[in-house]
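Dear colleague,

I am passing on the structure below, and after it you will find my notes on what was found in it. Please read the two together.

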Amino acid sequence: MSAVAVIGGGLAGGLLALELRARGLATELIDAGSADACATALSYGAMAPWAAPFTSMGWLIRGAPSRWQRLQRRHGSLGWQRGWFRPVGEGAPLGGLLPLPCSRVQAQQLVARWPAVLRAAGVRLRSDRVMALEPDPGGQGGWQLRLQQGASRRVPQLVLAAGAGCRALWPALPERLRVSWAGVLELEPRPGRPGPAGGGLRLPARFSRLALEARAAELEQEAWTVDPGLLSWGEGWLAGQISLLRAAQEGLQPGDPPDAAVQERRLRQALSAMDGELAGWPGRFRQVPVSFCPGGLPLVGPLPPPGLWLFSGFSGAFAQVPVLAPLLADWIADPGAAASHRLRDLGLLPDQPLPDQ
Ligand SMILES: Cc1cc2nc3c(=O)[nH]c(=O)nc-3n(C[C@H](O)[C@H](O)[C@H](O)COP(=O)(O)OP(=O)(O)OC[C@H]3O[C@@H](n4cnc5c(N)ncnc54)[C@H](O)[C@@H]3O)c2cc1C
């Protein structure tokens, strides 16, 4: 029997599994392997931790670049590199002419390398969907998992890192863990042309998505917003993103995907303001559910039933996950670890109310 099973093999589950192994715990990672349900696989992967607010969380995530460097020294390239971005839209200094520093994880590269990196670290990988979980009926503590391919597993400790799929597994999660839908265009390269006008990494100076997410619990009807962005993506380009939130009570679970034709039209229309060519540039529209917590503080820590942990709801996951995964792994490995106090001080425990903003 594995010591810890992690459900979800995106950024959160993958980095947590590496940290658990680094603490000597036998770790199994179970992922359904559906490309249309993994936010990490479609992510810009960008971070600008220098711009974080001067809060405890902000100070912590300023350490994200050095954590990525350390992870890459240990595991080889995970697609992280330093770079620059051109800010777009309202609030962009000097009208967007001034590039700003950032770093970025090439999501495609990370996802492609995950299986080899995790296996080399000793994580046991299982490609399957967890259909249900319940406290082990044997009464000896631990959890019983029912898997789609028919097998069942018993594990002493279990981490929900399944992004937008967490609540389907354990409905009694805090209401602040919600789901949005993000849509992007995978644009084709055009031979002989470097890319859409301006090229390079272009990201919004301010993400309107965050303001929409802050209102998630009060939304009476579905709402959407576009944060125009453009970055290199394999041979081509990724342009996005359109975010759609459902009315308050419907936004706790992904539900059905939004109408792709409508979302693509809205996205192309908004992108054309950034670059006229993008409205008609050939490419494929893709969308994926993303978990988030309004206010930007994710949920990291134990749930009431013993042996069940939550690691989800990130906003700015590529800066938050690498600094929070070690704290959660410390706690799982050692119930007396100081990390439990650190996570409580940060206001991230599932039993804590959302702090006043
Ligand atoms: C277009 C776009 C742009 C983004 N840009 C940025 C950015 O620039 N910077 C940033 O920090 N963040 C960005 N994000 C957000 C970021 O990508 C996500 O917050 C983060 O990747 C979430 O990681 P996760 O591991 O929690 O969830 P996911 O990556 O969604 O992984 C969850 C995994 O769990 C699996 N799963 C679900 N249910 C089950 C089950 N029952 N059994 C087994 N497996 C299951 C899924 O298959 C999936 O692989 C962006 C997201 C999108 C979509």
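Two residues are in contact if their C-beta atoms, placed from the backbone, lie within 7 Å. On that basis, residues 24 or more positions apart account for 67% of the contacts in the protein chain with a separation of 6 or more.

Please keep in mind that this is a predicted model, in which local features need pLDDT of at least 70 and side-chain atom pairs count only at pLDDT 80 or more, while totals for chains, interfaces and linings use all residues. Residues are numbered from 1 along each chain as its sequence is written.

The C-alpha atoms fill a box of roughly 65 × 45 × 40 Å along the principal axes.

Turning to the ligand, 42 residues are around it, with G8, G10, S43, G163 and G165 coming nearest (a residue is near a molecule if its C-beta atom, placed from the backbone, lies within 6 Å of it). Domain 1 (4-85 + 105-174 + 296-345) and domain 2 (179-290) both contribute residues to this shell, so the ligand lies between them; the domain bounds come from an automatic or database domain assignment.

Finally, the protein chain has nine helices and 17 strands, which are DSSP runs (H or I, at least four residues, for helices; E, at least two, for strands) numbered from the N terminus.
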